[in-house]
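Here are my comments on the helices in this model. Please read them with the structure open.

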Amino acid sequence: MRGTKAPPLLELRDVCVRFGFVEALKSVSLRIGRQEVVALVGDNGAGKSTLVKVIAGFLQPGFGHIYLDGEEVAIPSIRAADRLGIASVFQGQEFCDNLDVASNLFLGKEVNTGGVRDDDVMNSRARQVLKTLSSAIRVGSPISSLSVGQRQTVAIARTLLNDPKLILLDEPTSSLSVMQTAEVLSYIKRLRSEGRSIVMVCHDLPDVFAVADRIVVVRQGRITGVHRTVETSYEEIIAEIAGVATEHEYEEIAEDPKYERMVQQNKLIDRTMSAALEGDGY
Ligand SMILES: Nc1ncnc2c1ncn2[C@@H]1O[C@H](COP(=O)(O)OP(=O)(O)O)[C@@H](O)[C@H]1O
Ligand SMILES: [Mg+2]
């Protein structure tokens with residue numbers, strides 16, 4: 001409607017999740033736009049996976065509202081999420097090693113024609129979704145013959161079977177090599193260019209800065225910052241993850257072993273940037 005702002009693709013309002021005495025999410029509100037990549041960052045135990053699981057239909061919030069396209073929805077199960085156009089990849093979602101790629105893609109969602117398992121339909125659909133990501137994987141190969149990176153590709157391809165609007169990825173690049181990571185990041189960009197939105201949990205700030213449109217910092221069950229990637233910096237994000245003020249305390253956390261890796265990555269990028277800016281001084 002003219003003059004009326006379209007509602008976001010997904011909105012969470014005041015979502016609370018509790019595990020016994022642990023308040024994993026404390027009144028979390030978040031909007032996900034169309035065709036955007038949102039990265040969730042934060043310390044271990046901050047509540048990132050819990051947040052993703054609520055959207056995925058894995059976990060039911062104790063309190064709160066979820067709106068999809070402006071309509072309040074309940075997401076009581078993965079299947080319900082699937083019907084709403086929400087698909088997810090979690091760590092530790094296992095494959096059946098003795099089955100081929102196509103069978104793994106359709107695990108639990110086998111296509112039947114006239115009561116009979118229809119391998120032709122599944123194979124051609126499997127080929128179609130895999131082709132959009134990677135040409136190197138054959139649908140007839142046993143899963144056990146694939147590399148870790150190729151398995152991640154299959155896991156992402158699996159989310160595409162129902163043509164979802166929103167894809168949730170929990171640590172999609174952890175345990176991948178540099179090359180494999182670059183490949184997964186390029187898939188994420190491709191999915192966005194097809195009009196989908198992606199919410200990804202990610203530890204590695206270079207990956208986050210490479211693909212995310214917005215960065216959401218989760219700390220102790222709350223969202224403590226939402227930034228457009230182009231308007232923020234490593235320092236700001238690291239300081240927010242650690243819960244310190246940027247200017248004064250950043251130097252202190254730079255020595256904390258917990259944040260050492262992030263700070264090192266930041267320095268490395270600074271060095272590369274200034275080398276690039278200095279140009280060919282050699
Ligand atoms: N199934 C569960 N049972 C009990 N506590 C849980 C469960 N899942 C997560 N938690 C707790 O909730 C908090 C948030 O966890 P999580 O969302 O996994 O954090 P993150 O993904 O940011 O590392 C942590 O304190 C964690 O121990
Ligand atoms: Mg997690």
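**Notes on the helices**

1. Start with helix α1, residues 48-56. This helix is mostly covered, with nine of its nine residues buried. The model is predicted, so please read every point below with that in mind.

2. The buried residues of α1 can be named. They are K48, S49, T50, L51, V52, K53, V54, I55 and A56. Two lysines, K48 and K53, are on that list.

3. Look next at the residue after the helix. G57 follows α1, and its phi is positive, near 85°.

4. Now helix α5, residues 148-159. It has 12 residues. From first C-alpha to last, α5 reaches 17 Å, close to the 16 Å expected at 1.5 Å a residue.

5. Which residues of α5 are buried? They are Q152, T153, V154, A155, I156, A157, R158 and T159. The cover over these buried residues includes β6 (86-89) and β9 (166-170). It also includes the helices α3 (101-105), α4 (119-133) and α6 (178-193).

6. The crossing of α4 past α5 is right-handed.

7. Who makes this contact? On α4, the residues are V129, L130 and L133. On α5, they are T153, I156 and A157. By class, the contact has five nonpolar residues, one polar and no charged. T153, I156 and A157 are also among the buried residues of α5.

Notes:
Residues numbered from 1 in each chain as written. Chains lettered and ligands numbered in written order. Predicted model: local features only at pLDDT ≥ 70, side-chain atom pairs only at ≥ 80, totals over all residues. Helix = DSSP H or I, 4+ residues; strand = E, 2+ residues; numbered from the N terminus. Expected span 1.5 Å × (residues − 1). Buried ≥ 20, exposed ≤ 12 C-beta atoms within 10 Å, placed from the backbone. Contact = placed C-beta atoms within 7 Å. Left-handed = near helix turned anticlockwise from the far one by under 90°. Nonpolar A, V, L, I, M, F, W, Y, C, P; charged D, E, K, R; others polar.
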